[in-house]
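Okay, thanks everyone, let me put this one up on the screen. I'll talk through it helix by helix, so stop me whenever you like.

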Amino acid sequence: MTIMQRLIETGEKDRLKELLRQKLIDSGWRDDLKEYCKEVIRKKGLEKITVDELVAEITPRGRATVPDEVKTELLQNIRKFLQVGHLARTKNRLSSQAT
């Protein structure tokens with residue numbers, strides 16, 4: 001089973017997505033990116049830019065400006081999830097070997 005499958009099956013992926021969403025809002029990242037979107041639309045013209053073009057324009061900036069603290073916290077949560085899962089599997093393996 002892949003890490004992604006485990007994240008989905010346990011509901012951890014949804015929990016991490018919500019955590020990320022809230023952290024990005026709290027940090028002001030969302031508002032900053034929203035203002036950047038408005039700026040891009042003003043420069044190019046509402047009638048002259050498609051949603052796909054807007055996404056292509058803002059995605060690099062969005063990724064580059066995610067605060068390091070947010071990335072670190074998300075990574076720590078994923079590591080903790082993996083460690084707990086590994087410990088549970090090891091415990092199950094050891095208990096099945098003992099019987």
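Look at the face of helix 3 that points away from its buried side: the exposed residues there are Lys34 and Arg42. By exposed I mean over 50% relative accessible area, by buried under 20%, and partly exposed is in between, with a 1.4 Å probe and protein chains only. Helices here are DSSP runs of H or I, at least four residues, and strands are E runs of at least two, numbered from the N terminus.

Before I go on, this is a predicted model, so local features need pLDDT of at least 70 and side-chain atom pairs count only at pLDDT 80 or more, while totals for chains, interfaces and linings use all residues. Numbering runs from 1 along each chain as its sequence is written, and side-chain values use heavy atoms, with hydrogens and water left out.

So what sits on the buried side of helix 3? Trp29, Leu33, Tyr36, Cys37 and Val40 are its buried residues. They lie on the same side of helix 3 because they cover an arc of only 105° around the axis, the arc being taken from the directions from the helix axis to the C-beta atoms. Helix 2 (12–27) and helix 4 (51–64) are included in what covers them, where contact means heavy atoms within 4.5 Å.

Quick check on the helix 3 geometry. The 16 residues, 29–44, should span 22 Å at 1.5 Å a residue, and the end C-alpha atoms are 23 Å apart, which agrees. That expected span is 1.5 Å times one less than the number of residues. Just after helix 3, Gly45 has a positive phi of about 95°.

Now helix 5. Asn77 is in there, and it counts as buried because its relative accessibility is 13%. Setting aside residues up to four places away in sequence, Asn77 touches Arg15, Leu16 and Leu19. Lys71 is in helix 5 too, but Lys71 is partly exposed, at 40% relative accessible area. Its contacts, leaving aside neighbours within four places in sequence, are Arg63 and Val66.

Over in helix 2 we have Glu12. Is Glu12 buried or exposed? Buried, with a relative accessible area of 13%. Glu12 touches Leu7 and Phe81, again not counting residues up to four places away.

Zooming out, the chain has 5 helices and 0 strands. Of its 99 residues, 22% are buried. Among contacts between residues at least 6 apart in sequence, 62% join residues at least 24 apart.

Last thing, confidence. pLDDT is the predictor's confidence in each residue, from 0 to 100. The chain's mean is 90, and 86% of the residues reach 70 or more. Helix 2 has the highest confidence, at a mean of 97, and helix 5 (residues 68–98) the lowest, at 80.
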